[in-house]
Amino acid sequence: MIAGVALAAATGWVALIRPRADPVAETEIFAGVRYGCRVLPATGGPMHWARVDLAAPGVDLYVTPTDPALDGSGYQYRLRRVATVAGAEGLAVAVNGSLFAKEPVLLPGYWPGQRARGVETAVADGRVSHVWEHTYLLWFDHTLAPALERRKPPPAGALTRARWGIGGQGVGLAAGRVAVPPGGPADRRTAVGIDSSRRLLFLAVFDSATPHGAMVELAALGAADGLLLDGGGSTAMVIGQGAAGVRPGTVLGGLRPVATHFGVRANRKRRRLTASAPRRAVRRSRARAGGAVDPAARRFAPAAAPLRP
């Protein structure tokens, strides 16, 4: 029994460490949320992405709020894994958020529950975490209309109107043009982008990409403006429970707990009735009635085709 528990635990850790790399064709996994995965030829690492229709019924956003229990402590958040937050909040898809600084502890590393301060400005349901002078803010108003500020710090007007917001240290994609020079090290990256004219949100995580390469791929998805969030060991993406067509869970990263998280709420997809579904309903009704067909079930059954002579 102990060996079985140990094996299950080891399997879980491997699932967090090893990214899913099998290509996935573009699939609508929730109403208004489409997901895909492909391997980048330049690095050989997978890229997982989601495109969100912000005008779709049921779509809403999530940004980690500050913890009021930590007021006055010099910290704002307790570290949590992206999968933990996605499950607790019922998110359709979630990624890690902005840079943060954790409290010093005796044990090295990052631990769930550890206190932390956010580096970048964040807005959670209208509440501004703090204002940092070097933040470029991606924000959404109460109608989920998106905007990316191209100046820092975030202007007061944007902070007043924002319901949700997540900050980065630089605008990497502006009006469809990549603003990051080529080169730089390849690493795990988390990128977010928008197309304000079409009210679309893009989330992308990369197992191995340069900042320039990540922005090129974000633009190829259709984003007009975008930036990088925290990366490296913090990069993670989780697909929520109830996803259609793909297995839910962590698709990249997820081992390190982080301070802020950015996610999407969405309705589950409605199942389509196949042509055989009405016939199955009639058969089930007949079986329950001992051979007689329930008239309510017969209403949905297609008419029988005439016999040919």
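Me: Where does V105 lie?
Reply: V105 lies in the loop between β7 (100-102) and β8 (115-118). Keep in mind that this is a predicted model.

Me: Is V105 buried, partly exposed or exposed?
Reply: Its relative accessibility is 38%, so V105 counts as partly exposed, given that buried means under 20% and exposed means over 50%.

Me: And which residues make the nonpolar surface patch there?
Reply: V105, L107 and W111 make that patch, which covers about 300 Å².

Me: OK, on to the inside. Which residues touch the most other members in the largest nonpolar core?
Reply: L61, F140, L201, L203, F262 and V264 do, out of 56 residues in that core. The largest share of this core comes from strand β19 (residues 236-239), with four residues.

Me: What is F140 in contact with, leaving aside its neighbours within four places in sequence?
Reply: With that exclusion, its contacts are L54, L61, A145, P146, R161, A162, R163, W164, I194, L201 and F262.

Me: What about a second core, which residues does that one include?
Reply: The second core is separate and has 15 residues, among them M47, W49, M215 and A223. As background, nonpolar side chains tend to be buried together in soluble globular proteins.

Me: Switching to strands. Why is β16 described as largely enclosed?
Reply: Strand β16 covers residues 187-195, and eight of its nine residues are buried, so the rest of the structure largely encloses it.

Me: Which strands does β16 pair with?
Reply: One is strand β17 (residues 200-209), antiparallel over eight bridges. Another is strand β18 (residues 225-228), also in the antiparallel sense, over four bridges.

Me: How many residues sit between the strands in the β16 and β17 hairpin?
Reply: Four, and in that hairpin R199 takes a positive phi near 55°.

Me: Now the open sheet of five strands. What's the order?
Reply: The order is β10-β9-β13-β11-β12, and the pairing is antiparallel. At the edges are β10 (127-128) and β12 (146-148), each of which pairs on one side only.

Me: How many bridges join β9 to β13?
Reply: Two bridges join strand β9 (residues 122-124) to strand β13 (residues 164-168), and the strands run antiparallel.

Me: And what's the bridge partner of A122 in β13?
Reply: That's I166.

Conventions:
Residues numbered from 1 in each chain as written. Predicted model: local features only at pLDDT ≥ 70, side-chain atom pairs only at ≥ 80, totals over all residues. Heavy atoms only, no water. Buried < 20%, exposed > 50% of the residue type's maximum accessible area, 1.4 Å probe, protein only. Pairing = 2+ DSSP bridges. Core = buried A, V, L, I, M, F, W, Y, C linked by side-chain atoms within 4.5 Å. Contact = heavy atoms within 4.5 Å. Patch = residues over 30% accessible without salt bridge, like charges linked within 9 Å, V, L, I, M, F, W, Y side chains within 5 Å. Areas by Shrake-Rupley, 256 points an atom, 1.4 Å probe, with all protein chains shown as cover. Salt bridge = Lys/Arg side-chain N within 4 Å of Asp/Glu carboxyl O.
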